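Trainee: I would like to learn how to read a model like this one. Where should I start?

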Amino acid sequence: MTRALLTFVLLWPALAFADHELVDRDIGNGQILYVDHCASCHGVKLEGQPKWRRPGEDGILPAPPHDGSGHTWHHDNQLLFDYTKLGGESLMKARGIVGFKSGMPGLGDIMSDEDIWDVLAYIRSTWPQHIRDIQAASNPDHGQ
């Protein structure tokens, strides 16, 4: 059995259940909201800001890309949701990490929880299938 096939077979149960927060979302609404609230920093094509891996003079990293070239897909759905809703600094403070600098504002006062999930589903919909599969496997199945 090839390594890729073995990996798929071993991950299949996780892939089948792990991504339920993003299933049956309104991707069209997510795209509109992304353009309205996210594209000014993360780019209309999800390309992020130049030199996004290097902190600016203020110590804050530029907005990363949300396409397959970035690191968004390395995180589970709940972290992405919380980061979007609360903002980077607030989320890290809530998790006990003090002094973390982030340019990501909390959007929970601007968008509903459902809207945030729609945006995340839109972002995910732009990734190649193999990246979607890897990211889905990082999510707990919550007994679904």
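Mentor: Start with confidence, since this is a predicted model. Over residues 4–18 the pLDDT stays under 50. For that stretch the model has 14 contacts beyond four places in sequence.

Trainee: How should coordinates be read where pLDDT is low?

Mentor: Where pLDDT is low, the predicted coordinates should not be read in detail. Among the elements here, helix H1 (residues 3–17) has the lowest mean pLDDT, 42, while H2 has the highest, 98. For the protein the average is 86, and 85% of the residues score at least 70.

Trainee: Next, the nonpolar core. How many residues does the largest one have, and which have the most contacts inside it?

Mentor: The general idea is that nonpolar side chains tend to be buried together in soluble globular proteins. In this structure the largest nonpolar core has 20 residues, and Tyr34, Met111, Val119, Leu120 and Ile123 have the most contacts inside it. H2, helix H4 (77–86) and helix H6 (113–125) each give two or more residues to this core. The most come from H6, which gives seven. As for Met111, its contacts beyond four places in sequence are Leu33, His37, Thr84, Ile116 and Val119.

Trainee: And aromatic pairs: how many does the structure hold?

Mentor: Two. For each pair, look at the distance between ring centres and the angle between planes. Tyr34 and Tyr122 form a tilted pair, with 5.7 Å centre to centre and 50° between the planes. This pair links distant parts of the chain, as Tyr34 is in helix H2 and Tyr122 in helix H6, 88 residues apart. Both tyrosines, Tyr34 and Tyr122, are buried. The pair of Phe81 and Trp117 is stacked, at 4.6 Å centre to centre and 15° between the planes.

Trainee: Why does the pair of Phe81 and Trp117 tie together parts that are apart in sequence?

Mentor: Because Phe81 lies in helix H4 and Trp117 in helix H6, the pair ties together parts 36 residues apart in sequence. Phe81 and Trp117 are both buried as well.

Trainee: Last, a single residue. Is Ile27 buried or partly exposed?

Mentor: The cut-off for buried is under 20% relative accessible area. Ile27 has 35%, so Ile27 is partly exposed. Ile27 belongs to helix H2 (residues 27–37). Leaving aside neighbours within four places in sequence, Ile27 is in contact with Ala121, Tyr122 and Ser125. Sequence distance and spatial distance should be read separately: Ile27 and Asp118 are 91 residues apart in sequence, but 5.7 Å apart in space, C-alpha to C-alpha.

Terms used. Residues are numbered from 1 along each chain as its sequence is written. This is a predicted model: local features need pLDDT of at least 70, side-chain atom pairs count only at pLDDT 80 or more; totals for chains, interfaces and linings use all residues. Side-chain values use heavy atoms; hydrogens and water are left out. Helices (H or I, at least four residues) and strands (E, at least two) are DSSP runs, numbered from the N terminus. Buried means under 20% relative accessible area, exposed over 50%, partly exposed in between (1.4 Å probe, protein chains only). Contact means heavy atoms within 4.5 Å. A nonpolar core is a set of buried Ala, Val, Leu, Ile, Met, Phe, Trp, Tyr and Cys residues joined through side-chain atoms within 4.5 Å. pLDDT is the predictor's confidence in each residue, from 0 to 100. Rings of Phe, Tyr and Trp (its six-membered ring) pair if their centres lie within 6.5 Å; planes under 30 degrees apart count as stacked, over 60 as edge-to-face and the rest as tilted.
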